[in-house]
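Thank you all for coming. Please have the sequence and the structure open while I talk, and I will go through a few places one after another.

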Amino acid sequence: MPNVLLTQSCVRSCPYCFAKKHMLESAPEDIMSWENLIYLADLFEASGERRFPLLGGEPMLHPEFINFVIYLLERNFEVTVFTSGILTGKLLFEATTALSNVRPERLTFICNLNDPQMTHSPLAEVECVRRFLGHFGDRITPGFNVYRADFRLDFLFQYIREFGLRRHIRVGIAHPILGRKNRYLSLSDIDLVFERLFFYAPLFERLRIRPGLDCGFPLCRLSDSQLGWLYRYTGGKSDFGCGPVIDIGPDMTVWPCFPLSSFHKRSVFEFNSIREMHDYYRGLHDMIHVEVGGIFEECDNCLFREEQLCAGGCVAHSLQKFQEETPVRMKEMYL
(Lines give C-alpha, C1' and ligand atoms only; values in the text may rest on other atoms or scores of the structure.)
Protein backbone atom coordinates (compact mmCIF):
# COMPACT_ATOMS: atom_id res chain seq x y z
CA MET A 1 0.00 0.00 0.00
CA PRO A 2 1.22 3.59 -0.59
CA ASN A 3 2.66 5.81 2.11
CA VAL A 4 0.99 9.18 2.61
CA LEU A 5 3.08 12.20 3.67
CA LEU A 6 1.27 14.60 5.97
CA THR A 7 4.00 17.22 6.12
CA GLN A 8 7.46 18.03 4.77
CA SER A 9 8.78 19.27 8.14
CA CYS A 10 11.08 17.20 10.31
CA VAL A 11 12.75 17.60 13.68
CA ARG A 12 15.98 15.84 12.70
CA SER A 13 18.58 16.08 9.94
CA CYS A 14 19.83 12.51 9.52
CA PRO A 15 22.86 12.31 7.17
CA TYR A 16 21.35 9.37 5.26
CA CYS A 17 17.81 10.80 5.06
CA PHE A 18 15.79 9.29 2.21
CA ALA A 19 13.33 12.18 2.27
CA LYS A 20 15.83 15.05 2.41
CA LYS A 21 15.76 15.90 -1.30
CA HIS A 22 11.99 15.88 -1.38
CA MET A 23 11.71 18.04 1.74
CA LEU A 24 14.31 20.55 0.53
CA GLU A 25 12.35 21.09 -2.66
CA SER A 26 9.05 21.59 -0.82
CA ALA A 27 7.69 24.61 0.99
CA PRO A 28 7.43 24.30 4.80
CA GLU A 29 3.73 25.14 4.58
CA ASP A 30 3.17 22.22 2.19
CA ILE A 31 0.97 20.01 4.39
CA MET A 32 -1.84 17.57 3.70
CA SER A 33 -5.26 19.21 3.49
CA TRP A 34 -8.52 17.67 4.66
CA GLU A 35 -9.73 17.67 1.07
CA ASN A 36 -6.74 15.66 -0.12
CA LEU A 37 -6.84 13.26 2.82
CA ILE A 38 -10.51 12.47 2.20
CA TYR A 39 -9.79 11.96 -1.52
CA LEU A 40 -6.98 9.51 -0.65
CA ALA A 41 -9.16 7.68 1.89
CA ASP A 42 -11.79 7.22 -0.82
CA LEU A 43 -9.11 6.05 -3.29
CA PHE A 44 -7.66 3.57 -0.78
CA GLU A 45 -11.11 2.23 0.05
CA ALA A 46 -12.08 1.86 -3.62
CA SER A 47 -8.78 0.05 -4.24
CA GLY A 48 -9.39 -2.41 -1.40
CA GLU A 49 -6.60 -1.04 0.79
CA ARG A 50 -7.37 -1.19 4.52
CA ARG A 51 -4.00 -0.02 5.87
CA PHE A 52 -3.14 3.68 5.80
CA PRO A 53 0.56 4.47 6.52
CA LEU A 54 1.32 8.08 7.51
CA LEU A 55 4.78 9.58 6.93
CA GLY A 56 6.59 12.89 6.81
CA GLY A 57 8.94 14.58 7.56
CA GLU A 58 7.52 14.05 10.97
CA PRO A 59 3.80 13.31 10.45
CA MET A 60 2.91 14.12 14.05
CA LEU A 61 3.89 17.76 13.45
CA HIS A 62 0.82 18.21 11.25
CA PRO A 63 -1.63 20.46 13.14
CA GLU A 64 -4.51 18.07 12.29
CA PHE A 65 -2.57 14.86 12.95
CA ILE A 66 -4.79 13.58 15.77
CA ASN A 67 -8.00 14.47 13.95
CA PHE A 68 -6.69 12.80 10.78
CA VAL A 69 -5.95 9.59 12.68
CA ILE A 70 -9.36 9.58 14.36
CA TYR A 71 -11.06 10.14 11.00
CA LEU A 72 -9.16 7.26 9.37
CA LEU A 73 -9.91 4.96 12.30
CA GLU A 74 -13.60 5.81 12.07
CA ARG A 75 -13.46 4.77 8.41
CA ASN A 76 -12.09 1.41 9.59
CA PHE A 77 -8.54 1.85 8.30
CA GLU A 78 -5.60 0.39 10.20
CA VAL A 79 -3.22 3.30 10.69
CA THR A 80 0.57 2.99 10.85
CA VAL A 81 2.57 6.11 11.74
CA PHE A 82 6.26 6.38 10.81
CA THR A 83 7.80 8.70 13.38
CA SER A 84 11.02 9.81 15.04
CA GLY A 85 9.29 9.88 18.43
CA ILE A 86 10.67 13.38 19.06
CA LEU A 87 7.63 15.32 20.24
CA THR A 88 7.05 18.26 22.52
CA GLY A 89 5.51 17.48 25.89
CA LYS A 90 2.27 19.18 24.81
CA LEU A 91 1.93 17.20 21.61
CA LEU A 92 2.77 13.92 23.34
CA PHE A 93 0.13 14.63 26.01
CA GLU A 94 -2.50 15.40 23.38
CA ALA A 95 -1.66 12.28 21.35
CA THR A 96 -1.65 10.05 24.42
CA THR A 97 -4.97 11.45 25.68
CA ALA A 98 -6.71 11.04 22.32
CA LEU A 99 -5.21 7.76 21.08
CA SER A 100 -4.16 5.60 24.02
CA ASN A 101 -7.50 3.75 24.11
CA VAL A 102 -7.38 2.72 20.45
CA ARG A 103 -6.76 -1.01 20.07
CA PRO A 104 -3.06 -1.68 19.31
CA GLU A 105 -3.85 -3.67 16.17
CA ARG A 106 -5.62 -0.63 14.70
CA LEU A 107 -2.97 2.01 15.47
CA THR A 108 0.73 1.23 15.37
CA PHE A 109 3.97 3.17 15.13
CA ILE A 110 7.24 2.43 13.37
CA CYS A 111 9.79 4.52 15.22
CA ASN A 112 13.00 5.25 13.32
CA LEU A 113 15.69 5.28 16.00
CA ASN A 114 19.27 6.50 15.69
CA ASP A 115 22.06 5.31 17.95
CA PRO A 116 22.59 8.17 20.45
CA GLN A 117 26.30 7.35 20.73
CA MET A 118 26.95 7.42 16.99
CA THR A 119 24.76 10.37 16.02
CA HIS A 120 25.68 12.52 19.04
CA SER A 121 21.98 13.20 19.65
CA PRO A 122 21.33 15.99 22.14
CA LEU A 123 20.25 14.76 25.57
CA ALA A 124 16.93 16.58 25.19
CA GLU A 125 16.23 14.66 21.96
CA VAL A 126 17.03 11.32 23.60
CA GLU A 127 14.70 12.15 26.50
CA CYS A 128 11.90 13.04 24.07
CA VAL A 129 12.30 9.67 22.38
CA ARG A 130 12.28 7.85 25.72
CA ARG A 131 9.06 9.61 26.77
CA PHE A 132 7.40 8.62 23.49
CA LEU A 133 8.51 4.99 23.85
CA GLY A 134 7.23 4.98 27.42
CA HIS A 135 3.74 6.13 26.41
CA PHE A 136 3.20 4.01 23.27
CA GLY A 137 5.59 1.07 23.91
CA ASP A 138 3.48 -1.94 22.93
CA ARG A 139 2.36 -0.25 19.71
CA ILE A 140 5.89 0.51 18.50
CA THR A 141 8.09 -1.45 16.12
CA PRO A 142 11.63 -0.03 16.29
CA GLY A 143 13.34 0.72 12.99
CA PHE A 144 17.01 1.27 12.25
CA ASN A 145 18.75 2.49 9.07
CA VAL A 146 22.28 1.25 8.39
CA TYR A 147 24.49 3.85 6.74
CA ARG A 148 27.86 2.70 8.10
CA ALA A 149 29.26 -0.79 8.59
CA ASP A 150 30.20 -0.36 12.26
CA PHE A 151 26.64 0.08 13.52
CA ARG A 152 25.35 -1.02 16.95
CA LEU A 153 22.00 -2.56 17.85
CA ASP A 154 22.53 -2.75 21.62
CA PHE A 155 20.50 0.37 22.34
CA LEU A 156 17.51 -1.08 20.44
CA PHE A 157 17.56 -4.27 22.52
CA GLN A 158 17.64 -2.08 25.61
CA TYR A 159 14.67 0.00 24.43
CA ILE A 160 12.63 -3.12 23.63
CA ARG A 161 13.18 -4.58 27.08
CA GLU A 162 12.77 -1.32 28.98
CA PHE A 163 9.63 -0.03 27.24
CA GLY A 164 7.95 -3.23 26.07
CA LEU A 165 8.28 -2.46 22.36
CA ARG A 166 7.27 -5.05 19.81
CA ARG A 167 9.93 -7.72 19.60
CA HIS A 168 10.88 -7.02 16.02
CA ILE A 169 13.54 -4.70 14.60
CA ARG A 170 13.01 -3.32 11.11
CA VAL A 171 16.53 -3.05 9.59
CA GLY A 172 16.98 -0.93 6.48
CA ILE A 173 19.91 0.10 4.30
CA ALA A 174 20.54 3.76 3.52
CA HIS A 175 20.41 4.03 -0.28
CA PRO A 176 21.59 6.86 -2.54
CA ILE A 177 19.01 9.56 -3.22
CA LEU A 178 18.89 10.05 -6.96
CA GLY A 179 20.08 13.54 -7.91
CA ARG A 180 21.19 14.51 -4.41
CA LYS A 181 24.15 13.94 -2.10
CA ASN A 182 23.45 11.95 1.03
CA ARG A 183 25.32 9.49 3.16
CA TYR A 184 24.54 5.93 2.13
CA LEU A 185 26.00 2.48 2.46
CA SER A 186 28.79 1.65 0.03
CA LEU A 187 28.28 -1.57 -1.93
CA SER A 188 31.72 -2.66 -0.79
CA ASP A 189 30.48 -2.58 2.83
CA ILE A 190 27.46 -4.86 2.39
CA ASP A 191 29.38 -7.98 3.41
CA LEU A 192 30.51 -6.19 6.57
CA VAL A 193 26.91 -5.21 7.31
CA PHE A 194 25.73 -8.81 7.14
CA GLU A 195 28.67 -9.89 9.27
CA ARG A 196 27.76 -7.26 11.86
CA LEU A 197 24.05 -8.12 11.78
CA PHE A 198 24.66 -11.82 12.35
CA PHE A 199 27.07 -11.01 15.17
CA TYR A 200 23.87 -10.18 17.06
CA ALA A 201 22.14 -13.48 16.15
CA PRO A 202 22.68 -15.08 19.61
CA LEU A 203 21.26 -11.96 21.27
CA PHE A 204 18.25 -11.92 18.93
CA GLU A 205 17.53 -15.50 19.97
CA ARG A 206 18.16 -15.03 23.68
CA LEU A 207 15.86 -12.01 23.88
CA ARG A 208 13.24 -13.49 21.52
CA ILE A 209 13.54 -10.54 19.12
CA ARG A 210 13.24 -10.99 15.35
CA PRO A 211 15.07 -8.97 12.69
CA GLY A 212 13.19 -7.85 9.60
CA LEU A 213 15.11 -6.84 6.48
CA ASP A 214 13.75 -3.87 4.56
CA CYS A 215 14.01 -3.64 0.76
CA GLY A 216 17.30 -3.57 -1.16
CA PHE A 217 19.29 -6.28 0.63
CA PRO A 218 21.04 -8.56 -1.92
CA LEU A 219 20.49 -12.27 -1.30
CA CYS A 220 23.84 -13.35 -2.77
CA ARG A 221 25.89 -11.72 0.01
CA LEU A 222 24.46 -14.09 2.63
CA SER A 223 26.24 -17.35 3.37
CA ASP A 224 24.15 -20.51 3.43
CA SER A 225 24.44 -20.66 7.23
CA GLN A 226 23.34 -17.03 7.60
CA LEU A 227 20.42 -17.55 5.23
CA GLY A 228 19.45 -20.74 7.07
CA TRP A 229 19.37 -18.95 10.42
CA LEU A 230 17.39 -16.05 8.98
CA TYR A 231 14.87 -18.35 7.33
CA ARG A 232 14.45 -20.49 10.42
CA TYR A 233 14.26 -17.65 12.89
CA THR A 234 11.89 -15.41 10.87
CA GLY A 235 9.72 -18.23 9.57
CA GLY A 236 10.83 -17.63 5.99
CA LYS A 237 9.46 -14.08 5.98
CA SER A 238 12.64 -12.39 4.77
CA ASP A 239 12.32 -10.68 1.40
CA PHE A 240 15.11 -9.56 -0.93
CA GLY A 241 12.99 -7.45 -3.21
CA CYS A 242 13.15 -3.95 -4.62
CA GLY A 243 9.93 -2.66 -6.04
CA PRO A 244 7.78 0.46 -6.05
CA VAL A 245 6.57 1.30 -2.55
CA ILE A 246 4.63 4.38 -3.73
CA ASP A 247 4.83 7.59 -1.74
CA ILE A 248 2.18 10.30 -1.99
CA GLY A 249 3.04 13.88 -1.04
CA PRO A 250 0.80 16.52 0.56
CA ASP A 251 0.48 18.19 -2.86
CA MET A 252 -0.79 14.87 -4.28
CA THR A 253 2.35 14.11 -6.27
CA VAL A 254 3.35 10.46 -6.37
CA TRP A 255 6.73 8.75 -6.85
CA PRO A 256 8.07 5.17 -6.54
CA CYS A 257 10.03 5.53 -3.25
CA PHE A 258 12.11 8.16 -1.45
CA PRO A 259 15.48 7.27 -3.04
CA LEU A 260 13.71 7.82 -6.38
CA SER A 261 11.68 10.84 -5.28
CA SER A 262 12.74 12.76 -8.42
CA PHE A 263 12.22 9.84 -10.78
CA HIS A 264 9.13 10.17 -13.00
CA LYS A 265 7.09 12.00 -10.41
CA ARG A 266 3.39 12.12 -11.30
CA SER A 267 0.08 13.33 -9.89
CA VAL A 268 -2.31 11.09 -7.98
CA PHE A 269 -5.06 12.40 -10.24
CA GLU A 270 -3.47 10.70 -13.26
CA PHE A 271 -4.42 7.30 -11.84
CA ASN A 272 -7.75 5.65 -11.18
CA SER A 273 -6.53 3.22 -8.54
CA ILE A 274 -3.61 2.26 -6.34
CA ARG A 275 -3.06 -0.71 -8.66
CA GLU A 276 -2.55 1.65 -11.62
CA MET A 277 0.12 3.57 -9.67
CA HIS A 278 1.91 0.39 -8.74
CA ASP A 279 1.75 -1.03 -12.27
CA TYR A 280 3.15 2.20 -13.74
CA TYR A 281 6.19 2.22 -11.48
CA ARG A 282 6.57 -1.56 -11.65
CA GLY A 283 6.91 -1.11 -15.40
CA LEU A 284 9.71 1.41 -14.89
CA HIS A 285 11.49 -0.98 -12.51
CA ASP A 286 11.27 -3.70 -15.15
CA MET A 287 12.78 -1.33 -17.74
CA ILE A 288 15.70 -0.62 -15.41
CA HIS A 289 16.38 -4.35 -15.11
CA VAL A 290 16.45 -4.61 -18.89
CA GLU A 291 19.37 -2.17 -18.83
CA VAL A 292 21.15 -3.69 -15.85
CA GLY A 293 20.45 -6.78 -13.77
CA GLY A 294 21.33 -5.37 -10.39
CA ILE A 295 23.88 -3.59 -8.27
CA PHE A 296 26.65 -6.14 -8.93
CA GLU A 297 27.95 -7.36 -12.29
CA GLU A 298 27.09 -10.92 -11.26
CA CYS A 299 23.42 -9.91 -11.08
CA ASP A 300 23.10 -10.08 -14.88
CA ASN A 301 23.31 -13.88 -14.86
CA CYS A 302 22.17 -14.60 -11.32
CA LEU A 303 19.86 -17.60 -10.80
CA PHE A 304 18.35 -16.00 -7.69
CA ARG A 305 17.32 -12.94 -9.72
CA GLU A 306 16.04 -15.00 -12.66
CA GLU A 307 13.88 -17.02 -10.25
CA GLN A 308 12.69 -13.76 -8.62
CA LEU A 309 14.14 -14.71 -5.25
CA CYS A 310 16.18 -11.48 -5.26
CA ALA A 311 15.71 -8.18 -7.07
CA GLY A 312 19.44 -7.50 -7.39
CA GLY A 313 19.57 -4.77 -4.75
CA CYS A 314 18.21 -1.22 -4.80
CA VAL A 315 17.77 0.23 -8.30
CA ALA A 316 18.80 3.68 -6.99
CA HIS A 317 22.44 2.55 -7.22
CA SER A 318 22.05 1.65 -10.90
CA LEU A 319 20.11 4.78 -11.78
CA GLN A 320 22.70 6.96 -10.07
CA LYS A 321 25.37 5.53 -12.39
CA PHE A 322 23.15 6.15 -15.42
CA GLN A 323 22.92 9.86 -14.61
CA GLU A 324 26.71 10.19 -14.73
CA GLU A 325 27.23 8.50 -18.10
CA THR A 326 26.52 9.49 -21.71
CA PRO A 327 22.72 9.15 -22.13
CA VAL A 328 22.68 6.14 -24.46
CA ARG A 329 20.01 4.14 -22.62
CA MET A 330 16.23 4.30 -22.81
CA LYS A 331 14.99 7.81 -22.03
CA GLU A 332 13.01 6.45 -19.07
CA MET A 333 16.29 5.84 -17.24
CA TYR A 334 17.04 9.53 -16.74
CA LEU A 335 15.63 12.32 -14.58
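Is C257 buried or exposed? C257 is buried, with a relative accessible area of 14%, where buried means under 20% relative accessible area, exposed means over 50%, and partly exposed lies in between, using a 1.4 Å probe and protein chains only. Before I go on, please keep in mind that this is a predicted model, in which local features need pLDDT of at least 70 and side-chain atom pairs count only at pLDDT 80 or more, while totals for chains, interfaces and linings use all residues. Residues are numbered from 1 along each chain as its sequence is written, and side-chain values use heavy atoms, with hydrogens and water left out.

Let me stay with the cysteines for a moment. If we take a disulfide to be a pair of cysteine sulfur atoms within 2.5 Å, the count comes to zero disulfides. C257 is in no disulfide, and the nearest cysteine sulfur, that of C314, is 6.0 Å away.

Now please turn to helix 4, which covers residues 89-99; helices (H or I, at least four residues) and strands (E, at least two) are DSSP runs, numbered from the N terminus. Which residues of helix 4 are buried? They are L91, L92, A95, T96 and L99. Seen down the helix axis, these buried residues fall within an arc of 130 degrees, so they line one face of helix 4, the arc being that of the directions from the helix axis to the C-beta atoms. On the other side of helix 4, K90, F93 and T97 are exposed.

What do the buried residues of helix 4 pack against? They pack against helix 3 (65-74), strand 4 (107-112) and helix 6 (123-136). In helix 3 we find I66, which counts as buried at 16% relative accessibility. Leaving aside its neighbours within four places in sequence, I66 is in contact with E94, A95 and A98, where contact means heavy atoms within 4.5 Å. The C-alpha atoms of I66 and A95 are separated by 6.5 Å, although the two residues are 29 residues apart along the chain.

My next topic is the aromatic rings. Rings of Phe, Tyr and Trp (its six-membered ring) pair if their centres lie within 6.5 Å, and planes under 30 degrees apart count as stacked, over 60 as edge-to-face and the rest as tilted. By this rule the count comes to 23 aromatic pairs. One of them is the edge-to-face pair of F44 and F77, at 6.5 Å centre to centre and with 80 degrees between the planes. This pair links distant parts of the chain, since F44 is in helix 2 (residues 34-46) and F77 is in the loop between helix 3 and strand 3 (78-83), 33 residues apart. Both F44 and F77 are buried. The charged end of R50 sits over the ring of F77, 4.4 Å from its centre; for this, NZ of Lys or CZ of Arg must be within 6 Å of the ring centre and within 35 degrees of the ring normal.

Finally, F157, F198, F199, Y200, F204, W229 and Y233 form one aromatic cluster, and within this list F157 and Y200 are both buried.
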